[in-house]
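The structure comes first, and the entries follow.

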Number of protein chains: 2
Amino acid sequence: MAKDKVNIYDVAAKAEVGIGTVSRVLNNSPKVKTETRTKVLEVIKELNYRPNKLAQNLASQKANAIGIIVPTFIDHFFVEVLKGIQAALEAEKIDLILYKIDKDQAMLDKILDIVHSKKVDGIVAVTMDIGEEDYQQLLAEEIPIVLADEKNDDFHSIYLNDLKGAEMAIQYLLAQGHQKIAFINGVQTSQHGIRRLKGVKNILAKNDLVLEPELLKFGDFKTESGYKLMLEILDLPQANWPTAVFAASDNQAIGILEALKEKNIKVPAEIAVVGYDNIELAEYLKITTVWQPMYKLGYLSIEVLLKAIRGELNNFYQTELELKLIKRETA
Amino acid sequence: MAKDKVNIYDVAAKAEVGIGTVSRVLNNSPKVKTETRTKVLEVIKELNYRPNKLAQNLASQKANAIGIIVPTFIDHFFVEVLKGIQAALEAEKIDLILYKIDKDQAMLDKILDIVHSKKVDGIVAVTMDIGEEDYQQLLAEEIPIVLADEKNDDFHSIYLNDLKGAEMAIQYLLAQGHQKIAFINGVQTSQHGIRRLKGVKNILAKNDLVLEPELLKFGDFKTESGYKLMLEILDLPQANWPTAVFAASDNQAIGILEALKEKNIKVPAEIAVVGYDNIELAEYLKITTVWQPMYKLGYLSIEVLLKAIRGELNNFYQTELELKLIKRETA
DNA sequence: CTGTTAGCGCTTTCAG
DNA sequence: CTGAAAGCGCTAACAG
């Protein structure tokens with residue numbers, strides 16, 4: 001009646017071999033006589049034995065798992081990335097542990113806990129954006145880490161060019177004849193936001209235009225924020241209204257569209273809107289947007305991480321993924 | 001230079017105590033002199049020591065992690081459920097391991113691997129829908145399992161009443177004056193699909209109506225399937241067209257809407273559409289649909305699982321979550 | 001209150 | 001090719 005407690009010793013005993021041998025067949029070691037292997041395998045079936053991975057991992061010093069660290073759980077962006085991650089992991093027999101670490105917490109400390117926990121062989125940190133000194137500390141750790149959506153020469157990193165993305169959007173708007181453009185940005189301290197803002201200003205400057213202070217807003221990349229900030233802009237005297245709005249995320253663009261609809265303002269006739277990300281919703285809502293290859297970001301991150309774990313990488317892998325402007329009906 | 005290899009012995013040595021004491025402060029055991037604790041804590045900081053959780057887990061026989069088993073990764077339904085799961089887990093210091101198990105695989109075998117792996121203290125299986133005999137086998141295992149979106153008296157289970165949901169939808173359509181209704185279902189073998197079909201037929205029969213065989217389609221709950229199946233229906237002589245279509249998922253409803261748009265058929269004037277799930281997109285696309293509380297499903301699943309793990313549950317927890325019809329613009 | 005000593009269940013030399 | 005033994009790093013009695 002030793003129900004579930006069957007372990008490697010039970011198998012060894014019943015198969016009349018040593019536990020070493022059982023371990024070998026478990027790990028497909030080639031140096032086991034076929035006959036012996038068959039017998040052990042038989043007993044394993046009989047006993048419905050399945051190894052305790054905790055013990056396996058501790059003994060072998062590898063976790064057979066990877067960790068994904070995300071700042072805010074399951075928003076559209078991460079869902080896409082996760083899909084790519086899952087796809088890349090499909091074939092492997094590697095577990096996926098999801099860690100959510102809030103931006104405002106002691107991120108580094110939590111990450112170090114994970115690193116030292118030995119529960120994962122490697123980590124993909126998505127849009128982490130921690131400070132430079134924190135990165136330095138992380139460098140001291142020997143575990144493979146890939147930064148997704150973050151450029152950093154001291155790590156494997158796969159990123160998107162925010163500057164270029166913003167430039168594409170503004171360039172397009174300019175080409176459509178817009179001169180007075182508003183930019184509804186995300187979190188003010190976000191590196192992504194900062195770089196996108198720079199891109200906006202760059203192109204504007206190149207065309208002898210400026211971004212009016214009253215047409216630059218900071219929020220948090222979410223729908224609600226787009227809605228509120230757009231309303232603020234519409235509170236300005238109508239003469240000051242922009243003819244186009246560039247949003248730092250599609251979620252914000254959606255909020256902007258709602259605000260516009262509420263005020264009965266025609267899009268794009270009266271005010272054009274360009275989003276950022278190309279989340280699935282953007283397609284359904286026909287939002288013109290800057291496409292970020294999030295799925296690919298996830299997929300590639302895992303590929304790189306697995307290579308790094310296997311020691312197949314000699315240098316830090318660096319790749320900038322291409323962005324694309326997707327023209328639809330809002331601009 | 002023993003960089004990262006600092007373990008409990010190093011801490012014990014430097015703090016001039018036994019490893020037992022270190023372990024005790026690690027686990028907040030009350031029976032440690034404050035003075036000693038302080039000293040140990042100091043050394044821990046100094047050495048930047050963080051426990052190896054693999055070892056902790058093996059020794060303590062608990063994983064401090066739970067596993068989520070999903071059939072198809074990250075679709076709208078699961079994303080919502082995951083949000084709930086994450087929210088419920090927020091406060092706990094419990095890891096979340098995501099397992100994807102394809103429907104067509106040897107599901108039970110994979111689940112048993114997970115169970116015996118000892119990497120998780122409990123499991124939430126979402127929309128698993130394995131056979132009765134498989135459930136029986138699972139019963140033999142001592143690990144807490146909660147079935148989310150699946151009713152089964154032998155497990156903790158939190159579910160939605162498919163029959164009722166389908167009935168609500170059809171009832172509503174009937175009230176709107178529709179007599180000729182089509183049902184675009186999901187996978188033919190899905191218990192959810194089967195029950196929803198039953199609900200549809202129930203209400204129809206109660207009103208002396210029948211579901212025309214040509215107006216009953218089976219697909220796979222995805223957008224593409226809704227699109228294709230609707231097109232098939234529109235291939236029928238126009239006299240045979242339904243005046244309303246009920247879809248087994250919002251994803252399918254979206255596909256249906258696309259097909260209708262392509263054929264320039266007005267919704268709901270010419271053909272009304274009712275979806276199922278109330279995914280986020282449904283809101284933006286103004287789809288009338290049956291709301292399933294997916295977030296709550298996830299949240300509650302974790303609450304129940306945690307209680308089960310802590311041994312606070314004496315019986316199998318059973319709850320049916322309420323559905324709601326959300327009237328919007330497609331019907 | 002604290003040190004010591006067994007394990008937890010497996011992997012991995014090391015002999016043979 | 002295979003058995004025995006030494007850990008992996010920590011928890012949990014058990015003495016004291």
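Helices (H or I, at least four residues) and strands (E, at least two) are DSSP runs, numbered from the N terminus. I work on a predicted model, in which local features need pLDDT of at least 70 and side-chain atom pairs count only at pLDDT 80 or more, while totals for chains, interfaces and linings use all residues. Residues are numbered from 1 along each chain as its sequence is written, chains are lettered from A and ligands numbered from 1 in the order in which they are written, and side-chain values use heavy atoms, with hydrogens and water left out.

Entry one, strand 1 of chain B. I asked myself how many residues of this strand are buried. I found that 6 of the 6 residues, 65-70, are buried, so strand 1 of chain B is largely enclosed by the rest of the structure. I then went through the strand by face: B:A65, B:G67 and B:I69 are buried on one side, and B:I66, B:I68 and B:V70 are buried on the other, which leaves both faces covered.

Entry two, the partners of that strand. I count two strands as paired if DSSP finds at least two bridges between them. Strand 1 of chain B runs parallel to strand 2 (residues 95-100) of chain B, with 6 bridges, and in this pairing I noted B:V70 opposite B:K100. Strand 1 of chain B is also paired in the parallel sense with strand 3 (residues 122-126) of chain B over 4 bridges, where B:I69 stands opposite B:A125.

In chain B, a cis peptide bond joins B:V267 and B:P268, with omega about 5°, and B:P268 sits in the loop between helix 11 (250-262) and strand 9 (272-277) of that chain.

A:N264, in the loop between helix 11 and strand 9 of chain A, has phi of about 60° although it is not a glycine, and A:N264 is exposed at 62% relative accessible area. A:F221, likewise not a glycine, has a positive phi of about 75°; I located A:F221 in the loop between strand 7 (216-218) and helix 10 (223-234) of chain A.

Terms used
Buried means under 20% relative accessible area, exposed over 50%, partly exposed in between (1.4 Å probe, protein chains only).
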